[in-house]
Every structure is written in C-alpha cells, then in structure tokens.
Amino acid sequence: MTVEAVLWDMDGTLLDSEKLWDVPLYEFAEKLGGTLSLETRQAMVGSNVPTTMALLFAEVGVVPTPEETADGAAWILRRTEELFRAGLPWRPGAQEALRAVRASGVPMALVTSTERGLTEVALDTIGRELFDATVCGDEVEGRNKPLPDPYLKAARLLGVDASRCVAIEDSPTGAASAVAAGCTVLVVPCDVPVPAGERRIFRESLVGVDLDVLASLPA
C-alpha cells in the first residue's frame with residue numbers, strides 16, 4: 001500500500017507504560033476497600049479515563065457521585081504522573097521504529113487515550129518533535145477508542161484519508177478504533193491478546209519496523 005501517514009498509539013505500543021498504570025489503579029481499588037481483578041484491569045487497557053473509572057468503581061461495588069469520580073480520576077492521574085516522571089520504559093524496537101519512520105518524511109501522529117496533561121509528560125521521553133499532530137483522550141468529545149473518532153481526527157489533522165494510513169496498536173480497543181476508521185493496523189500485542197480480524201496484521205515486536213515494512217502490509 002501507499003502509506004500517506006503513520007498513526008501511533010502510545011501506552012503499550014511505544015511505551016511499556018501499562019505496567020505503570022497498574023500501580024495507581026490497584027492502589028485506588030484498595031483505597032475503596034476492594035480489589036481490582038485481572039479481568040477488569042485487562043478490560044481497561046486502551047480505554048479512556050471515564051471508562052476506566054466506571055469499571056473501577058463497579059469492580060469494588062461503589063456507586064460514586066460525580067465528585068467522587070472526578071476526585072478519583074484526579075488522584076490516579078497525579079499518581080501516574082509521578083511514575084511517568086520517574087522514568088518511562090520503551091517497548092522493544094519502538095524508539096528505533098519511530099525514528100526510522102520519521103526519517104522517511106511521512107507524516108506521523110500520536111493517537112492516545114491518555115489525557116493531554118499526562119501525554120505531555122510522556123512526550124518529554126518520546127519526543128514531541130517527531131509528530132505532526134497529537135490526539136489525546138480528552139480531545140475527542142467523549143468519542144474515544146474503540147470508536148473511530150480519534151483516528152479519523154488524526155487523519156484529518158494530517159490532511160490524509162484514514163484508509164491510506166497505517167495505525168500501530170497493541171490492544172483490542174485501539175485496534176478496533178483504527179479498523180473502524182478505515183486504517184490498516186499493525187498490531188503488536190503487549191499486555192492483552194488481540195483477536196485477528198479485517199485489516200489487522202500481527203507482529204511480535206517493532207524491532208526492524210520502518211516505512212518499507214509498513215508499505216509492504218496488505219491494505
């Protein structure tokens with residue numbers, strides 16, 4: 001295919017940061033007097049903050065007020081920011097793949113469910129200069145992954161058709177969003193398995209990925 005843009009997910013794709021999210025999520029469940037199950041934690045992967053908070057409160061059997069939800073989300077984001085600032089690990093091959101694709105001159109966007117404030121912290125590690133656009137979880141009017149809106153917005157900001165883009169994802173939620181937008185998706189699973197499906201091409205890691213590899217994917 002002719003690749004007109006490459007759209008990168010962040011958590012679990014470029015950064016091995018889902019394990020950092022584990023810490024505040026499990027801690028907050030304990031603060032509420034409960035325990036976060038592995039099944040519910042996996043359901044949160046790739047989702048946005050409102051969805052994560054709804055799953056978390058439901059898991060511990062608490063019906064929160066809007067204020068309690070907002071306070072809980074703020075606590076989790078503050079705790080996660082502490083962990084992000086302490087050091088963000090890259091996924092295997094991600095840093096090299098990102099720079100190889102950037103060097104080819106093709107436009108790139110970061111498309112993440114993480115909110116803008118925390119994404120800016122992560123961009124200190126990733127390199128904000130590598131992207132022509134970034135779309136964060138609090139910038140899509142609540143129409144987050146797995147809906148197509150984040151990827152459609154990224155393609156629109158880059159001035160390309162989503163069907164001419166390759167998205168790189170690690171989660172079922174993210175892959176579903178990119179496919180719904182019309183992208184071809186390179187899936188590199190991280191913490192949860194991703195089912196096979198239309199326009200999903202699987203790879204074990206980003207090691208060796210460059211524009212030639214992405215252009216060889218079946219559209």
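Predicted model: local features only at pLDDT ≥ 70, side-chain atom pairs only at ≥ 80, totals over all residues.
Is arginine 143 buried, partly exposed or exposed? With a relative accessibility of 41%, arginine 143 counts as partly exposed.

**Salt bridges**
- The structure holds 16 salt bridges.
- One of them joins the side chains of arginine 143 and aspartate 149, at 2.8 Å from N to O.
- Aspartate 16 and lysine 19 also meet through their side chains, with an N to O distance of 2.9 Å. Aspartate 16 counts as buried at 15% relative accessibility, whereas lysine 19, at 41%, is partly exposed.
- Arginine 79 is partly exposed, at 22% relative accessible area.
- A network of salt bridges links Arg116, Glu120, Asp124, Arg128 and Glu139.

**Helices H1 and H4**
- H1 and H4 pack at an angle of about 145°, and their axes are 9 Å apart. The crossing is right-handed.
- Among the residues making this contact are Trp21 and Phe28 of H1, and Trp75 and Arg79 of H4.
- By class, the contact has 11 nonpolar, 2 polar and 3 charged residues.

**Helix H6**
- Helix H6 spans residues 116–126, and its buried residues are Leu118, Thr119, Val121, Ala122, Leu123 and Ile126.
- Covering those buried residues are elements including helices H1, H4 and H5, along with strands E2 and E3.
- Just after H6, glycine 127 takes a positive phi of about 110°.

How values were computed. Residues numbered from 1 in each chain as written. Heavy atoms only, no water. Buried < 20%, exposed > 50% of the residue type's maximum accessible area, 1.4 Å probe, protein only. Helix = DSSP H or I, 4+ residues; strand = E, 2+ residues; numbered from the N terminus. Contact = heavy atoms within 4.5 Å. Axes fitted to C-alpha atoms, helices over the stretch in contact; angles between N-to-C directions. Left-handed = near helix turned anticlockwise from the far one by under 90°. Nonpolar A, V, L, I, M, F, W, Y, C, P; charged D, E, K, R; others polar. Salt bridge = Lys/Arg side-chain N within 4 Å of Asp/Glu carboxyl O.
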